[in-house]
Amino acid sequence: MSVNLLIPTALRGFTNGQSQLELTGATVKELLSDLAQKHPDIAPHLFDETGAVRSFVNIFVESKNIKNLNGLDTSVNPGQTVTLVPSIAGGRS
Amino acid sequence: MKSSDKPAPKEKSLPSLTPSEITRYSRHILLREVGVIGQKKLKAASVLVIGAGGLGSPLALYLAAAGVGKIGLVDFDLVEASNLQRQILHGTKDIDRPKVASARDRLLDLNPDIEVVTHNVKLSSQNAAKIFKKYDIVADGTDNFPTRYLINDVCVLEKKTNVYASIFQFEGQVTIFGAPDGPCYRCLYPAPPPPGLIPSCGEGGVMGVLPGVIGSLQALEVIKLIVGGGSPLIGRLLLFDALRVSFNELTVEKDPNCPICGQSPTIDAPIDYEEFCGLGPKNEDPAEPISAGELKDRIDKGDKLQVIDIREPHERVLCPFPGAKVVPFGQLARRMDEFSPNEDLIFICKIGQRSLHAIRALKRAGYPGRMLNLTDGLVAWAELDGGPAAIY
Ligand SMILES: [Zn+2]
């Protein structure tokens with residue numbers, strides 16, 4: 001059984017428009033490397049040159065930010081939902 | 001509230017309600033959770049609405065209808081026809097008027113008992129604190145990263161609670177920043193995305209009802225903060241996906257290392273937000289420009305060049321560019337082997353902004369050939385005789 005990754009609109013251009021992906025991995029890091037393997041264009045938008053998560057993207061396992069858990073080493077269980085949340089700024093124009 | 005009830009400590013300083021106000025707000029007053037006291041608190045409150053556009057429209061309309069005593073509006077744009085698909089503060093007759101003037105008329109028509117203050121300026125590091133000081137609560141409904149960081153920082157420094165909302169295409173985010181003990185925008189997003197990754201509403205489109213949903217939630221949170229009670233969205237980020245019709249609630253914690261609200265803050269005054277967001281002059285890597293006229297001449301002459309269209313498929317349907325090679329923005333670096341470095345590449349998009357970022361991205365990826373940016377994009381191209389008839 002796999003983990004459900006929710007892709008926000010702003011990053012769907014890098015996943016062939018898919019909003020949800022079923023991926024495998026025991027940690028967030030493994031899950032995201034599975035993502036990067038299947039959709040290589042998304043990787044530079046999620047990680048910087050050192051492999052750290054970019055500071056405008058938050059990753060939540062269920063409702064918890066991995067910043068407040070174990071970062072990329074946070075474990076994920078099959079059936080759980082991981083959500084990518086980039087900052088968006090629209091609203092006035 | 002009966003006269004025999006013990007008055008709440010704050011009630012003395014609250015304004016009284018006129019008989020016509022009691023009639024107007026009777027559906028609020030009937031709610032136990034609002035009542036006469038809550039309605040008086042609304043009358044005594046002042047809220048600064050930043051942006052009189054998509055989010056600011058339902059937000060300001062509901063605050064005015066609810067009887068918020070003083071509403072400030074910050075915006076410096078004029079009403080355009082393409083705003084009316086979602087900015088319900090403004091009408092067709094308001095096209096070309098300042099948004100704050102149009103908004104003020106609409107709000108006072110809805111509720112003549114309130115005060116509406118207009119700030120027809122671009123919010124800046126110089127003027128923000130002076131404006132914010134005059135209000136109890138700030139509601140951020142702006143549309144760009146530099147202004148969002150500016151609003152956050154000034155709210156933290158001035159100790160103002162910021163009811164935050166943002167939207168993108170079919171998605172919205174709502175939360176409250178800067179509440180006592182609550183997180184701030186920088187706790188959640190320490191830095192903005194690089195320019196070009198996330199297109200603006202003008203380039204990327206937005207479902208017109210979306211700001212209606214999100215701006216209404218923003219109004220609800222403002223009203224709850226004023227009246228008190230309920231569970232405000234402090235430390236909770238609400239996500240809305242209009243396509244799936246799903247709400248998702250995530251936890252946002254205060255970051256002890258936050259540079260402005262953490263334990264050892266390093267920011268004690270507003271900074272240069274354009275530069276912080278990678279938009280300042282220092283960060284500009286100018287791409288070689290080509291005007292629509294020059295491009296047309298070169299195509300007509302049969303010059304050796306390749307036009308690269310980086311727009312999304314639905315945009316190309318609205319305004320095609322015959323003969324262009326189509327490579328979506330996200331695939332550029334990976335597909336640069338498909339370009340031939342010995343002929344000029346001309347990058348095109350709707351307004352010439354995303355194409356500029358495309359050129360920068362390819363330069364960073366090491367593409368060796370000459371790259372030119374079509375100045376003002378397809379909008380300029382459409383203005384040429386013989387260009388496509390309509391722009392979207
Ligand atoms: Zn903070």
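How much area do chain A and chain B bury between them?

**View 1. Where chain A meets chain B in this predicted model.** Chain A and chain B bury about 3,300 Å² between them, and 52% of that area lies on carbon and sulfur atoms. Start with Ile88(A), Arg92(A) and Ser93(A): these supply 25% of the area that chain A buries against chain B, more than any other three residues. In residue terms, 31 residues of chain A are in contact with 50 residues of chain B.

**View 2. A salt bridge between Arg334(B) and Asp41(A).** Here the two side chains meet with a distance of 2.5 Å from N to O. Across the interface of chain A and chain B, seven salt bridges are found. The two chains also have 26 residue pairs in polar contact.

**View 3. Strands on the side of chain A that touches chain B.** Look for β3 (57-61), β4 (64-65) and β5 (81-86) of chain A, each of which supplies at least two residues to this side. Of these, β5(A) gives the most, with three residues. Sorted by class, the side of chain A that touches chain B has eleven nonpolar, 14 polar and six charged residues.

**View 4. The buried residues of helix α1 of chain A.** In this helix (residues 28-38), the buried residues are Val28(A), Leu31(A), Leu32(A), Asp34(A) and Leu35(A). Why do they sit on the same side of α1(A)? They are on one side because they cover an arc of only 150° around the axis. What covers the buried residues of α1(A) includes β1 (3-6), β2 (20-23), α2 (43-46), β3 and β5 of chain A.

Technical notes. Residues numbered from 1 in each chain as written. Chains lettered and ligands numbered in written order. Predicted model: local features only at pLDDT ≥ 70, side-chain atom pairs only at ≥ 80, totals over all residues. Heavy atoms only, no water. Contact = heavy atoms within 4.5 Å. Buried area = accessible area lost by both parts, 1.4 Å probe. Salt bridge = Lys/Arg side-chain N within 4 Å of Asp/Glu carboxyl O. Polar contact = N/O pair within 3.5 Å; in protein donor to acceptor, adjacent residues only side chain to side chain. Helix = DSSP H or I, 4+ residues; strand = E, 2+ residues; numbered from the N terminus. Nonpolar A, V, L, I, M, F, W, Y, C, P; charged D, E, K, R; others polar. Buried < 20%, exposed > 50% of the residue type's maximum accessible area, 1.4 Å probe, protein only. Arc of directions from axis to C-beta.
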